[in-house]
Each structure stands twice: as C-alpha cells, then as structure tokens.
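Thank you all for coming.

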Amino acid sequence: GELAMVDGKLRMAVVKLRPQITLDPGADVEKARVLVEKAHRQCFIGNSVLAKVELEPDITFAAEAMLAR
C-alpha cells in the first residue's frame, strides 16, 4: 500500500491486492483475468474504501505451482 497526506490526514492512498490464483492445466488464463477484474469491480469492500484499490493477480497453472514449492 501507499501512505499519503490527504486533507491534512495521514491515510492509505493506495491499496494493492495481489491474489495468487492457481488454475488447472489447460485452463483459460484470459477468462480467469476477466473474472478477477469483474469480481474486483463488484467488490463491496473495495467500492466502500476511499483509497484507490489496485489489482495485481498472480495467475499460475497447478503444475507450475507444484514446481515452485
């Protein structure tokens, strides 16, 4: 996140969400990105806070996740 002075008060100006998403091999990565963006736009918490909420998903396939361990 990012702290900043806003209206004379120190507050979170930017919050970065970095969800880790593991897909089955052969899954549609673009469809996953679209669904993540849709969920982000419709999130009542994200829509309720004053800070800018940025989304940076980390999408991998199940086989790659196993190799990374």
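When I speak of helices and strands, I mean DSSP runs numbered from the N terminus, where a helix is H or I over at least four residues and a strand is E over at least two. Please keep in mind that this is a predicted model, in which local features need pLDDT of at least 70 and side-chain atom pairs count only at pLDDT 80 or more, while totals for chains, interfaces and linings use all residues. Residues are numbered from 1 along each chain as its sequence is written, and side-chain values use heavy atoms, with hydrogens and water left out.

Let me begin with the overall picture. The protein has two helices and five strands, and, if you read along the sequence, they follow the pattern β-β-β-α-β-β-α. The C-alpha trace spans about 50 × 25 × 15 Å along its principal axes. The radius of gyration, which is taken over C-alpha atoms, can be set against a globule rule of 2.2 Å times the number of residues to the power 0.38; a compact globule of 69 residues would come out near 11 Å, but this protein has 16 Å.

How much of the protein is buried? We call a residue buried under 20% relative accessible area, exposed over 50%, and partly exposed in between, with a 1.4 Å probe and protein chains only; by that rule, 16% of the 69 residues count as buried. The accessible surface, computed by the Shrake-Rupley method with a 1.4 Å probe and, for residues, with only the protein chains shown as cover, comes to about 5,500 Å², and 57% of it belongs to carbon and sulfur atoms.

Now to the strands at the start of the chain. Two strands are said to pair if DSSP finds at least two bridges between them, and E1 and E2 pair in the antiparallel sense over five bridges. They form a hairpin with two residues between them, and Asp7 in the turn has a positive phi of about 55°. Within this pairing, Leu3 has Met12 in E2 as its bridge partner. As a general point, the side chains in a regular strand alternate between the two faces of the sheet.

Which residues form the nonpolar patch on the surface? They are Leu3, Met5, Leu10 and Met12, which together have about 450 Å² of accessible area. A patch is made of residues with over 30% relative accessible area and no salt bridge, like charges being joined within 9 Å and nonpolar side chains (Val, Leu, Ile, Met, Phe, Trp, Tyr) within 5 Å. Strand E1 (2–6) and strand E2 (9–17) each supply at least two of the patch residues. Leu10, which lies in E2, counts as exposed because its relative accessibility is 59%.

E2 has another partner as well: four bridges join it to E4, and these two strands run parallel, with Val15 facing Val53 in E4 as its bridge partner.

That brings us to charges. Side chains of opposite charge can pair when their charged atoms come close. Here a salt bridge means a side-chain nitrogen of Lys or Arg within 4 Å of a carboxyl oxygen of Asp or Glu, and the structure holds four of them. In one, the side chains of Lys16 and Glu54 meet at 3.9 Å, N to O. Because Lys16 lies in E2 and Glu54 in E4 (residues 52–55), this pair ties together parts that are 38 residues apart in sequence.

Lys16 also meets Glu56 in a salt bridge, again at 3.9 Å, N to O. Glu56 lies in the loop between E4 and strand E5 (58–61), so this pair ties together parts that are 40 residues apart in sequence. With a relative accessible area of 32%, Glu56 is partly exposed, and Lys16 is partly exposed too, at 34%. Leaving aside neighbours within four places in sequence, Glu56 is in contact (heavy atoms within 4.5 Å) with Lys16, Leu17, Arg18 and Pro19.

Finally, Lys52 forms a salt bridge with Glu54, the closest N and O atoms being 3.5 Å apart. Salt bridges that share partners join Lys16, Arg18, Lys52, Glu54 and Glu56 into one network.
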